[in-house]
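Try each task before you read its solution.

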Amino acid sequence: MSSSSLVDFLFFVMFYLLCFYTNSSYSDPRATPAALICTNRTATNPNRQIFISNFLSAMDSVTPQIASQRYARTINGTGDNTVYAFGECMKDLSQNDCDMCFAQCKTQILRCLPFQLATRGGRNYYDGCYLRYDDYSFFGEAMSLGDKTVCAINDYGGGNLSVYKENTVELIRNLSVEAQNNNGYSVGVVKRGNVSVYGLVQCWTFVNETSCRKCLENATVAITSCLPKEEGRVLNAGCYLLYSPQKFYNNSTASPSASGSGGRRRLAVILAGISSVLAFLMIAAAGVFFGKSKLAKRRRERKQLGVLAATIYRSELNFKYETLERATNYFNSSNKLGQGGSGSVFKGTLPDGKVVAVKRLFFNTRQWVDQFFNEVNLISEVHHKNLVKLLGCSITGPESLLVYEYVPNKSLQEHIFGRHNSRPLSWEERYNVIVGTAQGLAYLHEESTLRIIHIDIKLSNVLLDDNFVAKIADFGLARLFPEDKTHVSTVIAGTLGYMAPEYVVCGKLTEKADVYSFGVLVIEVVCGRRSNSFSEDSYSILQMVWNNYGTGKLCDEVDSALDGRFLADQVSRVLQIGLLCTQASAELRPVMSMVVKMLTENYDIPQPTQPPFLSSSSLPKSFTPSETYKSQANSYTGSSGNDATHSLVEAR
């Protein structure tokens, strides 16, 4: 039996028993559900079995308190597994109606049972009673994040809407004031003409006078959002408010005759016993189900990660999920550094004070295994001053995390194109970044013990440290290149505009794809323009640089932000190298070790051939990047148009 069908069956049994035992009751316990709010929060050191045991003990202890004093407060357990519980009936209910309402309220809060570690609290609001449990002391709270305002679906249909609205506002204001002078409780009615509105406000017993006033003031404002709906409820942590066109409250709380009281008290005891038994059965059944599910999930994950998982568990790379969660202030948006195709990155501070960058991987498909393996297995094996250092990872929590060294000066893209937030880089800084990126790629391609292709070289994946030294980041798409192969055929991945044409068209991947991306990056850094942008003459930046190379005016394309502060000969050499790296033919592009020598030594730079540039004026209205790459790739792939199209479809 699935978890959902099991829970539905048990609730059906409970509902049947409730109906059977309540047929003879003529009172109105107002056991009308207003809202059930389950709180999801991760504990520091959670233990599900201990927390559930404490939860059951708390639920057992609130019923006799309700029966004797109409409210209850209890604390069970110690440390992070402590359960705090509170319950109370509306003060207009008789004790018997209170017992009836609370028995049903207690049963329904089982829907928030802590079957998972994240479910640490729940509130159940009925029109006649209230029950809450949580893992922290909330007894004096006026308001909290779980507060709700619940409005009826239909507008008031008994007369003048504007009068009903005026009556409601007047009533709620009066009741809130009266309640502050009447132990936090007040009921009443406002009648004007043929329009009547009834209301009730109540602060919970353990909310002090100041918090009660604050809660009621908030409720008075919040309830106006319901008007002119026929009913509205404000369900705050510290108080409850209800208005309705029908009288729902009791003017007297006098108890019925002794015989009726005794019978209903026995009924309340029976209902309490039934709810306790069902609670135990539900917890046991759900515990078995979720235990088996969790075990099966762990087995699948271990099978997927294989030897890598075992290695991580035993190595210094392993971080506890909870440690990284606290380090980032629970992945608070204020600590978010950025987001890419494979995950989002947050700034974090470890317990020893070390600042790190924590990456949360997106696991929407089976590709997450490949991405995680690449990030951990590949990058943990390579170390270079121009590569972001991987410090560790976590695979024990609800999501897998990667921990990198923190690089404070953001990405190269921020400094080239995000000038409203970052200062423009000087020519010397740009030149050093270009050289550093080239050295990092040369290490990956030729100097490392592994032969790695990054695939996604672009400005946003080059980070800058304190001294503006370039560090290549984001290896989620990287591929380990076999030593015995000239190329790898793979599905297309990367960023359009930076991808080599032979890779886009045919899925043919070699180190020369990274060389092409690097060439585009070089031209963007020098010119301060995006590769996919066009000038007023409808020329792309690649075409503009190529045209100026032919006329000997390469310096005309230098970023105007440099204001002429650059070395003309050096700029010309760098742009010529950029054109050399972006040649249409992959075979003509230099390897990265040669690029480093051309940048740092007096090596002769060969004459580049035409890059696969685009002119927006030549594009058809139905232009797509793949079509344009296809048409320009035919000259060096030897493919016909149809063949190239077929290759592209298969690659995608």
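Helices here are DSSP runs of H or I with at least four residues, strands are DSSP runs of E with at least two, and both are numbered from the N terminus. You're looking at a predicted model, where local features need pLDDT of at least 70, side-chain atom pairs count only at pLDDT 80 or more, and totals for chains, interfaces and linings use all residues. Residues are numbered from 1 along each chain as its sequence is written, and side-chain values use heavy atoms, with hydrogens and water left out.

**Exercise 1. Get an overview of the chain.**

Find how many helices and strands the protein chain has, and what part of it is buried.

Step 1. Count the elements: the protein chain has 18 helices and 21 strands.

Step 2. Look at burial, where buried means under 20% relative accessible area, exposed means over 50%, and partly exposed is in between (1.4 Å probe, protein chains only). Of the 652 residues in the protein chain, 50% are buried.

Step 3. The accessible surface is about 30200 Å², and carbon and sulfur atoms own 50% of that.

Step 4. Check the contacts, meaning heavy atoms within 4.5 Å. Among contacts with a separation of 6 or more, 68% join residues 24 or more positions apart.

**Exercise 2. Explore the nonpolar cores.**

Which residues touch the most other members of the largest nonpolar core?

Step 1. The largest core has 64 residues, and L412, F518, V526, V595 and L599 touch the most other members. Helix α13 (residues 511-527) gives the largest share of this core, 11 residues.

Step 2. Zoom in on V526. Beyond its neighbours within four places in sequence, V526 has contacts that include W427, I434, V558 and L575.

Step 3. Now look for a second core. There is a separate one of 45 residues, with A34, Y164, A219 and F248 among its members.

**Exercise 3. Track down the salt bridges.**

Find out how many salt bridges the structure holds, then visit a few of them.

Step 1. Start with the idea: side chains of opposite charge can pair when their charged atoms come close. The cut-off here is a side-chain nitrogen of Lys or Arg within 4 Å of a carboxyl oxygen of Asp or Glu. By that count, the structure holds 16.

Step 2. R132 pairs with D134, with the closest N and O atoms 3.3 Å apart. R132 is buried at 1% relative accessibility, and D134 is buried at 2%.

Step 3. E405 and K471 form another salt bridge, at 3.7 Å from N to O. E405 is in strand β15 (residues 401-405) and K471 in strand β18 (residues 470-472), so this pair ties together parts that are 66 residues apart in sequence. K471 is buried, at 10% relative accessible area.

Step 4. D563 and R565 also meet in a salt bridge, 3.4 Å from N to O, and both residues are exposed.

Step 5. Finish with a network of salt bridges, which links D127, E231 and R233.

**Exercise 4. Buried or exposed?**

Decide whether G564 and K359 are buried or exposed.

Step 1. G564 lies in the loop between α14 and α15 (568-581). G564 counts as exposed because its relative accessibility is 55%.

Step 2. Follow G564 to W427: they are 137 residues apart along the chain, and their C-alpha atoms are separated by 9.5 Å.

Step 3. K359 is in strand β13 (residues 355-361), and K359 is buried, with a relative accessible area of 4%.

How values were computed. Core = buried A, V, L, I, M, F, W, Y, C linked by side-chain atoms within 4.5 Å. Areas by Shrake-Rupley, 256 points an atom, 1.4 Å probe, with all protein chains shown as cover.
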